[in-house]
Amino acid sequence: MRRRWRRSAADDILSQGKQTQTPYSKREGGIRLAPAHHFGMRPMTSPLLLSPSPCRLLRRLFSRAPRRRNPTTPRPLGRRLPASMSSSSARAPDSVVADADALARKVAAIRAAGPAKLQVIADFDGTLTRYWYDGSRGQSSHGLLRQGNEEFDAKREALFEHYHPIEINPDIPLLEKAKLMEEWWGKTHGLLIEGGLTQNAIKKSVADAAIAFRDGVVELFEFLEARDIPVLVFSAGLADIIEEVFRQKLHRSFKNIKIVSNRMVFNEEGSLVAFKGKTIHVLNKNEHSLDMAAPVHDSLGDPNGSIDDYSLVKKRTNVLLLGDHIGDLGMSDGLNYENRIAAGFLNTNIEKSLKDYSKAFDIVYLNDVSMRGVVELVSDLCP
Ligand SMILES: [Mg+2]
(Lines give C-alpha, C1' and ligand atoms only; values in the text may rest on other atoms or scores of the structure.)
Protein backbone atom coordinates (compact mmCIF):
# COMPACT_ATOMS: atom_id res chain seq x y z
CA MET A 1 0.00 0.00 0.00
CA ARG A 2 1.40 3.34 -0.94
CA ARG A 3 1.59 5.57 2.10
CA ARG A 4 1.16 9.28 1.90
CA TRP A 5 4.44 10.94 2.79
CA ARG A 6 4.43 13.49 5.49
CA ARG A 7 7.23 15.49 6.97
CA SER A 8 8.56 14.44 10.31
CA ALA A 9 8.99 16.89 13.15
CA ALA A 10 12.73 16.62 12.60
CA ASP A 11 12.37 17.52 8.93
CA ASP A 12 10.31 20.54 9.90
CA ILE A 13 12.90 21.76 12.31
CA LEU A 14 15.81 21.05 10.05
CA SER A 15 14.33 22.68 7.00
CA GLN A 16 13.76 25.82 9.03
CA GLY A 17 17.46 25.91 9.82
CA LYS A 18 16.83 26.67 13.47
CA GLN A 19 19.67 26.86 15.90
CA THR A 20 19.51 25.54 19.39
CA GLN A 21 21.88 25.47 22.28
CA THR A 22 22.22 22.86 24.90
CA PRO A 23 24.72 23.56 27.63
CA TYR A 24 27.39 21.00 28.18
CA SER A 25 28.60 21.63 31.64
CA LYS A 26 30.55 18.61 32.76
CA ARG A 27 34.22 19.14 33.22
CA GLU A 28 36.89 16.56 33.38
CA GLY A 29 40.02 18.67 33.71
CA GLY A 30 41.73 20.42 30.85
CA ILE A 31 39.94 21.82 27.86
CA ARG A 32 36.42 20.66 27.06
CA LEU A 33 35.11 20.83 23.57
CA ALA A 34 31.42 21.27 24.02
CA PRO A 35 29.27 21.36 20.95
CA ALA A 36 26.81 24.15 20.74
CA HIS A 37 24.18 23.48 18.19
CA HIS A 38 23.92 24.59 14.67
CA PHE A 39 22.07 22.84 11.97
CA GLY A 40 20.13 23.38 8.84
CA MET A 41 19.34 20.28 6.87
CA ARG A 42 17.34 19.19 3.91
CA PRO A 43 14.06 17.34 4.34
CA MET A 44 13.56 14.01 2.67
CA THR A 45 13.25 14.50 -1.04
CA SER A 46 10.68 11.96 -2.11
CA PRO A 47 7.83 9.79 -0.85
CA LEU A 48 8.88 6.37 0.34
CA LEU A 49 7.16 3.04 0.55
CA LEU A 50 7.03 0.75 3.51
CA SER A 51 8.80 -2.51 2.97
CA PRO A 52 6.37 -5.36 2.26
CA SER A 53 8.29 -7.47 4.75
CA PRO A 54 9.01 -5.24 7.73
CA CYS A 55 12.30 -5.79 9.47
CA ARG A 56 12.70 -6.34 13.18
CA LEU A 57 12.90 -2.68 14.05
CA LEU A 58 9.76 -1.91 12.09
CA ARG A 59 7.87 -4.80 13.63
CA ARG A 60 8.80 -3.60 17.07
CA LEU A 61 7.90 -0.01 16.30
CA PHE A 62 4.50 -0.87 14.97
CA SER A 63 3.60 -3.56 17.45
CA ARG A 64 3.96 -1.28 20.48
CA ALA A 65 1.29 1.26 19.84
CA PRO A 66 -1.19 2.39 17.27
CA ARG A 67 0.18 4.69 14.58
CA ARG A 68 -0.53 8.34 15.09
CA ARG A 69 -0.88 10.82 12.33
CA ASN A 70 0.76 13.63 14.25
CA PRO A 71 2.84 12.13 16.99
CA THR A 72 3.91 14.64 19.57
CA THR A 73 5.08 12.36 22.34
CA PRO A 74 8.29 10.38 21.92
CA ARG A 75 7.56 6.69 21.76
CA PRO A 76 9.75 4.39 23.85
CA LEU A 77 10.88 1.18 22.25
CA GLY A 78 11.05 -0.42 25.63
CA ARG A 79 14.15 -2.50 25.29
CA ARG A 80 15.73 -3.96 28.35
CA LEU A 81 18.41 -1.91 30.00
CA PRO A 82 21.91 -3.09 30.72
CA ALA A 83 22.52 -4.24 34.25
CA SER A 84 25.11 -1.52 34.74
CA MET A 85 22.49 1.19 34.78
CA SER A 86 21.09 2.64 37.94
CA SER A 87 17.94 1.25 39.47
CA SER A 88 16.06 4.47 38.91
CA SER A 89 16.84 4.58 35.22
CA ALA A 90 16.33 0.85 34.82
CA ARG A 91 12.59 1.42 34.73
CA ALA A 92 12.88 3.80 31.82
CA PRO A 93 13.14 2.88 28.16
CA ASP A 94 16.59 3.07 26.63
CA SER A 95 15.50 4.42 23.27
CA VAL A 96 12.81 6.69 21.96
CA VAL A 97 11.32 7.18 18.50
CA ALA A 98 9.11 10.23 18.00
CA ASP A 99 7.85 9.41 14.53
CA ALA A 100 7.84 5.70 13.89
CA ASP A 101 6.27 6.10 10.46
CA ALA A 102 9.05 8.35 9.23
CA LEU A 103 11.72 6.05 10.61
CA ALA A 104 10.03 3.03 9.08
CA ARG A 105 10.02 4.66 5.67
CA LYS A 106 13.69 5.54 5.93
CA VAL A 107 14.63 2.05 7.08
CA ALA A 108 12.68 0.53 4.21
CA ALA A 109 14.24 2.85 1.63
CA ILE A 110 17.80 2.29 2.83
CA ARG A 111 17.23 -1.43 3.08
CA ALA A 112 15.87 -1.53 -0.47
CA ALA A 113 18.86 0.42 -1.85
CA GLY A 114 21.32 -2.02 -0.30
CA PRO A 115 24.64 -1.69 1.54
CA ALA A 116 26.46 -0.30 -1.51
CA LYS A 117 24.50 2.92 -1.08
CA LEU A 118 25.01 3.26 2.67
CA GLN A 119 27.63 5.06 4.71
CA VAL A 120 27.88 5.81 8.41
CA ILE A 121 28.95 9.19 9.81
CA ALA A 122 29.70 9.17 13.52
CA ASP A 123 30.74 11.70 16.09
CA PHE A 124 33.42 10.42 18.44
CA ASP A 125 33.17 11.82 21.98
CA GLY A 126 30.05 10.72 23.81
CA THR A 127 28.85 8.85 20.74
CA LEU A 128 31.34 6.10 20.02
CA THR A 129 32.72 6.57 23.52
CA ARG A 130 30.83 6.23 26.76
CA TYR A 131 29.70 9.31 28.62
CA TRP A 132 30.32 7.69 32.02
CA TYR A 133 33.46 5.86 32.98
CA ASP A 134 33.68 3.99 36.29
CA GLY A 135 30.94 6.15 37.75
CA SER A 136 32.45 9.47 36.69
CA ARG A 137 32.24 11.57 33.59
CA GLY A 138 34.49 9.97 30.97
CA GLN A 139 37.14 12.08 29.31
CA SER A 140 36.94 13.48 25.81
CA SER A 141 39.64 13.15 23.18
CA HIS A 142 40.70 16.73 23.92
CA GLY A 143 40.16 16.62 27.66
CA LEU A 144 42.39 13.61 28.21
CA LEU A 145 45.43 15.34 26.77
CA ARG A 146 48.30 16.15 29.11
CA GLN A 147 51.21 17.87 27.47
CA GLY A 148 53.70 16.73 30.03
CA ASN A 149 54.12 20.41 30.82
CA GLU A 150 52.06 21.69 33.75
CA GLU A 151 52.40 25.32 32.75
CA PHE A 152 50.79 24.70 29.39
CA ASP A 153 48.15 22.35 30.75
CA ALA A 154 47.22 25.20 33.11
CA LYS A 155 47.11 27.69 30.24
CA ARG A 156 44.72 25.47 28.30
CA GLU A 157 42.61 25.13 31.42
CA ALA A 158 42.49 28.92 31.69
CA LEU A 159 41.27 29.08 28.10
CA PHE A 160 38.54 26.64 29.00
CA GLU A 161 37.50 28.83 31.93
CA HIS A 162 37.21 31.78 29.59
CA TYR A 163 35.62 30.27 26.50
CA HIS A 164 33.41 27.52 27.82
CA PRO A 165 30.90 29.96 29.36
CA ILE A 166 30.76 31.68 25.98
CA GLU A 167 30.19 28.40 24.26
CA ILE A 168 27.19 27.49 26.36
CA ASN A 169 25.72 30.99 26.45
CA PRO A 170 22.58 30.89 24.29
CA ASP A 171 22.43 34.69 24.13
CA ILE A 172 25.55 35.10 22.02
CA PRO A 173 24.76 35.23 18.29
CA LEU A 174 25.96 32.22 16.37
CA LEU A 175 28.36 34.03 14.05
CA GLU A 176 29.99 35.86 16.92
CA LYS A 177 30.22 32.64 18.89
CA ALA A 178 31.70 30.74 15.95
CA LYS A 179 34.42 33.36 15.68
CA LEU A 180 35.20 33.00 19.37
CA MET A 181 35.24 29.22 19.13
CA GLU A 182 37.71 29.44 16.28
CA GLU A 183 39.79 31.75 18.46
CA TRP A 184 39.64 29.24 21.33
CA TRP A 185 40.65 26.32 19.15
CA GLY A 186 43.43 28.38 17.56
CA LYS A 187 44.88 29.42 20.91
CA THR A 188 44.66 25.87 22.22
CA HIS A 189 46.43 24.47 19.20
CA GLY A 190 49.05 27.20 19.55
CA LEU A 191 49.69 26.19 23.17
CA LEU A 192 50.03 22.56 22.18
CA ILE A 193 52.73 23.54 19.69
CA GLU A 194 54.43 26.06 21.95
CA GLY A 195 54.38 23.67 24.88
CA GLY A 196 56.14 21.03 22.85
CA LEU A 197 53.50 18.31 22.75
CA THR A 198 55.06 15.02 21.75
CA GLN A 199 53.69 11.82 20.27
CA ASN A 200 54.84 10.05 23.42
CA ALA A 201 52.77 12.45 25.55
CA ILE A 202 49.72 11.55 23.46
CA LYS A 203 50.36 7.84 23.96
CA LYS A 204 50.77 8.30 27.71
CA SER A 205 47.71 10.55 27.96
CA VAL A 206 45.56 7.95 26.22
CA ALA A 207 47.00 5.14 28.34
CA ASP A 208 46.12 7.09 31.49
CA ALA A 209 42.76 8.35 30.26
CA ALA A 210 39.28 7.62 31.54
CA ILE A 211 37.91 6.90 28.09
CA ALA A 212 36.26 3.80 26.68
CA PHE A 213 34.27 2.85 23.62
CA ARG A 214 30.68 1.84 24.13
CA ASP A 215 30.08 -1.87 24.32
CA GLY A 216 29.08 -3.06 20.87
CA VAL A 217 31.27 -0.60 18.94
CA VAL A 218 33.59 -3.34 17.72
CA GLU A 219 30.59 -5.44 16.74
CA LEU A 220 29.23 -2.47 14.80
CA PHE A 221 32.53 -1.78 13.03
CA GLU A 222 32.95 -5.47 12.16
CA PHE A 223 29.44 -5.65 10.77
CA LEU A 224 30.02 -2.59 8.60
CA GLU A 225 33.51 -3.64 7.53
CA ALA A 226 32.23 -7.03 6.39
CA ARG A 227 29.79 -5.24 4.09
CA ASP A 228 32.28 -2.61 2.88
CA ILE A 229 30.23 0.17 4.41
CA PRO A 230 32.46 3.18 5.14
CA VAL A 231 32.44 4.86 8.53
CA LEU A 232 33.43 8.49 8.79
CA VAL A 233 34.34 9.55 12.32
CA PHE A 234 33.85 13.31 12.36
CA SER A 235 35.17 15.16 15.39
CA ALA A 236 36.09 18.66 16.54
CA GLY A 237 38.70 16.96 18.70
CA LEU A 238 42.12 15.78 17.59
CA ALA A 239 42.55 13.07 14.98
CA ASP A 240 45.89 11.90 16.34
CA ILE A 241 44.39 11.30 19.76
CA ILE A 242 41.33 9.56 18.37
CA GLU A 243 43.59 7.26 16.37
CA GLU A 244 45.61 6.53 19.50
CA VAL A 245 42.39 5.71 21.37
CA PHE A 246 41.47 3.31 18.57
CA ARG A 247 44.93 1.78 18.76
CA GLN A 248 45.03 1.35 22.51
CA LYS A 249 41.41 0.52 23.25
CA LEU A 250 40.45 -1.60 20.25
CA HIS A 251 43.85 -3.14 19.49
CA ARG A 252 42.97 -3.44 15.84
CA SER A 253 42.18 -1.38 12.79
CA PHE A 254 39.24 -1.31 10.44
CA LYS A 255 39.84 -0.68 6.79
CA ASN A 256 36.48 1.04 6.37
CA ILE A 257 37.02 3.80 8.96
CA LYS A 258 38.22 7.35 8.26
CA ILE A 259 38.80 10.13 10.75
CA VAL A 260 37.86 13.72 9.93
CA SER A 261 39.27 15.86 12.70
CA ASN A 262 42.05 18.29 13.54
CA ARG A 263 45.25 16.61 12.48
CA MET A 264 48.71 17.29 13.86
CA VAL A 265 52.06 17.50 12.09
CA PHE A 266 55.09 16.21 13.99
CA ASN A 267 58.75 16.70 13.26
CA GLU A 268 61.33 13.94 13.16
CA GLU A 269 61.82 14.18 16.92
CA GLY A 270 58.12 13.52 17.45
CA SER A 271 57.26 17.07 18.54
CA LEU A 272 54.16 18.87 17.32
CA VAL A 273 55.02 21.63 14.87
CA ALA A 274 51.73 22.45 13.11
CA PHE A 275 48.14 21.48 12.40
CA LYS A 276 46.93 20.49 8.98
CA GLY A 277 44.24 22.40 7.17
CA LYS A 278 41.38 24.40 8.57
CA THR A 279 40.41 24.12 12.20
CA ILE A 280 37.31 22.09 12.95
CA HIS A 281 35.56 23.40 16.01
CA VAL A 282 32.17 22.72 17.54
CA LEU A 283 30.34 25.22 15.39
CA ASN A 284 31.74 24.51 11.96
CA LYS A 285 31.62 20.74 11.69
CA ASN A 286 29.07 21.19 8.94
CA GLU A 287 31.26 23.51 6.90
CA HIS A 288 34.17 21.21 6.44
CA SER A 289 34.81 19.46 3.25
CA LEU A 290 35.21 15.79 3.78
CA ASP A 291 38.57 15.72 2.06
CA MET A 292 40.30 16.07 5.41
CA ALA A 293 39.55 12.42 5.91
CA ALA A 294 42.49 10.12 6.25
CA PRO A 295 42.16 6.41 6.75
CA VAL A 296 42.81 5.34 10.30
CA HIS A 297 44.53 2.25 9.08
CA ASP A 298 47.20 4.28 7.28
CA SER A 299 48.53 5.57 10.56
CA LEU A 300 47.98 2.23 12.18
CA GLY A 301 50.28 0.67 9.63
CA ASP A 302 47.72 -1.47 7.89
CA PRO A 303 49.49 -2.60 4.72
CA ASN A 304 46.29 -3.29 2.90
CA GLY A 305 45.85 0.32 2.06
CA SER A 306 42.83 2.02 0.73
CA ILE A 307 39.12 1.82 1.04
CA ASP A 308 36.71 3.34 -1.43
CA ASP A 309 37.93 6.40 -3.16
CA TYR A 310 36.31 9.31 -1.42
CA SER A 311 34.37 10.33 -4.48
CA LEU A 312 32.70 6.93 -4.20
CA VAL A 313 31.82 7.66 -0.60
CA LYS A 314 30.06 10.80 -1.77
CA LYS A 315 28.02 8.62 -4.07
CA ARG A 316 26.69 6.67 -1.13
CA THR A 317 23.46 8.55 -0.83
CA ASN A 318 22.02 6.86 2.24
CA VAL A 319 23.41 7.91 5.58
CA LEU A 320 23.25 6.58 9.10
CA LEU A 321 24.39 9.46 11.31
CA LEU A 322 25.40 8.91 14.93
CA GLY A 323 25.83 11.81 17.32
CA ASP A 324 25.33 12.95 20.87
CA HIS A 325 24.52 16.60 20.19
CA ILE A 326 21.97 18.15 17.90
CA GLY A 327 24.80 20.05 16.22
CA ASP A 328 26.16 16.70 15.06
CA LEU A 329 23.40 16.63 12.46
CA GLY A 330 25.52 19.10 10.53
CA MET A 331 28.07 16.34 9.87
CA SER A 332 26.10 15.24 6.82
CA ASP A 333 25.70 18.74 5.38
CA GLY A 334 28.36 18.17 2.76
CA LEU A 335 26.53 15.18 1.34
CA ASN A 336 23.68 15.22 -1.10
CA TYR A 337 21.97 12.34 0.61
CA GLU A 338 18.66 10.77 -0.32
CA ASN A 339 17.83 9.18 3.02
CA ARG A 340 19.33 9.83 6.40
CA ILE A 341 18.62 8.10 9.67
CA ALA A 342 19.91 10.17 12.57
CA ALA A 343 20.53 8.25 15.78
CA GLY A 344 21.26 10.37 18.83
CA PHE A 345 22.76 9.44 22.17
CA LEU A 346 21.22 11.57 24.88
CA ASN A 347 23.63 10.95 27.70
CA THR A 348 22.64 13.51 30.28
CA ASN A 349 19.95 16.10 31.10
CA ILE A 350 17.48 13.65 29.64
CA GLU A 351 14.31 15.22 30.96
CA LYS A 352 15.34 18.65 29.77
CA SER A 353 16.59 17.64 26.35
CA LEU A 354 14.49 14.66 25.28
CA LYS A 355 11.90 16.73 23.47
CA ASP A 356 14.48 18.51 21.32
CA TYR A 357 16.46 15.35 20.71
CA SER A 358 13.43 13.32 19.72
CA LYS A 359 12.49 15.99 17.20
CA ALA A 360 15.98 16.21 15.78
CA PHE A 361 16.94 12.52 15.75
CA ASP A 362 14.94 9.66 14.28
CA ILE A 363 15.87 7.50 17.23
CA VAL A 364 17.30 8.60 20.56
CA TYR A 365 19.29 6.26 22.77
CA LEU A 366 19.13 7.20 26.43
CA ASN A 367 21.18 6.75 29.55
CA ASP A 368 24.55 6.10 27.95
CA VAL A 369 23.51 2.69 26.65
CA SER A 370 25.65 0.39 24.55
CA MET A 371 25.92 0.48 20.76
CA ARG A 372 23.88 -2.71 20.44
CA GLY A 373 20.71 -0.85 19.45
CA VAL A 374 22.64 0.61 16.52
CA VAL A 375 23.98 -2.83 15.66
CA GLU A 376 20.41 -4.03 15.55
CA LEU A 377 19.45 -1.06 13.39
CA VAL A 378 22.20 -1.68 10.83
CA SER A 379 21.25 -5.34 10.82
CA ASP A 380 17.81 -4.22 9.74
CA LEU A 381 19.24 -1.85 7.16
CA CYS A 382 21.52 -4.53 5.72
CA PRO A 383 19.92 -7.92 6.38
MG1 LIG B 1 30.15 14.21 20.92
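Helices (H or I, at least four residues) and strands (E, at least two) are DSSP runs, numbered from the N terminus. With that in hand, let's walk through the structure. What you're looking at is a predicted model, where local features need pLDDT of at least 70, side-chain atom pairs count only at pLDDT 80 or more, and totals for chains, interfaces and linings use all residues. Residues are numbered from 1 along each chain as its sequence is written.

Asp-134 sits between strand E4 (132–133) and strand E5 (136–137). Its phi is positive, about 50°, although Asp-134 is not a glycine. Most residues other than glycine have a negative phi. Is Asp-134 buried or exposed? Here a residue is buried if 20 or more other C-beta atoms lie within 10 Å of its own, exposed if 12 or fewer, and partly exposed in between, with C-beta atoms placed from the backbone. Asp-134 has 8 C-beta neighbours inside 10 Å, so it counts as exposed.

Now step back to the whole chain. It has 12 helices and 12 strands. Of its 383 residues, 46% count as buried. To talk about who touches whom, we call two residues in contact if their C-beta atoms, placed from the backbone, lie within 7 Å. Take the contacts between residues at least 6 apart in sequence: 76% of them join residues at least 24 apart.

Next, the inside. A nonpolar core is a set of buried Ala, Val, Leu, Ile, Met, Phe, Trp, Tyr and Cys residues joined through C-beta atoms within 7 Å. The largest one has 74 residues, and Val-233, Ile-242, Leu-320, Leu-321 and Ala-343 touch the most other members. Helix H3 (residues 100–113) gives this core its largest share, eight residues. Pick out Val-233 and you'll find that, not counting residues up to four places away in sequence, it touches Ala-122, Phe-124, Leu-128, Ile-242, Ile-257, Lys-258, Ile-259 and Val-260.

Helix pairs come next. How do helix H7 (residues 217–226) and helix H12 (residues 372–381) pack? They meet at an angle of about 20°, with their axes 9 Å apart. Axes are lines fitted to C-alpha atoms, for helices over the stretch in contact, and angles run from 0 to 180 degrees between N-to-C directions. Angles under 35 degrees count as roughly parallel, over 145 as roughly antiparallel, 65 to 115 as roughly perpendicular and the rest as oblique. H7 and H12 are therefore roughly parallel to each other. Their crossing is left-handed, a label used if the near helix is turned anticlockwise from the far one by less than a right angle, with right-handed meaning clockwise. H7 brings Glu-219, Leu-220, Phe-223 and Leu-224 to the contact, and H12 brings Val-374, Val-375 and Val-378. By class that gives six nonpolar, no polar and one charged residues. In this scheme Ala, Val, Leu, Ile, Met, Phe, Trp, Tyr, Cys and Pro count as nonpolar, Asp, Glu, Lys and Arg as charged, and the others, Gly among them, as polar.

Another pair is helix H6 (residues 199–208) and helix H8 (residues 239–250), packed at an angle of about 55° with axes 10 Å apart. That makes H6 oblique to H8. H6 passes H8 in a right-handed crossing. On the H6 side the contact uses Ile-202, Lys-203, Val-206 and Ala-207, and on the H8 side Asp-240, Ile-241, Glu-244, Val-245 and Gln-248. These residues divide into five nonpolar, one polar and three charged.

Let's finish with some other loops. Asn-367 is buried, with 22 other C-beta atoms within 10 Å. Asp-368 is found in the loop between E12 and H12, and it counts as buried with 22 C-beta neighbours inside 10 Å. Leaving aside its neighbours within four places in sequence, Asp-368 is in contact with Arg-130, Tyr-131, Trp-132 and Asn-347.

Gly-270 belongs to the loop between strand E7 (257–266) and strand E8 (272–276). It is partly exposed, because 13 other C-beta atoms lie within 10 Å.
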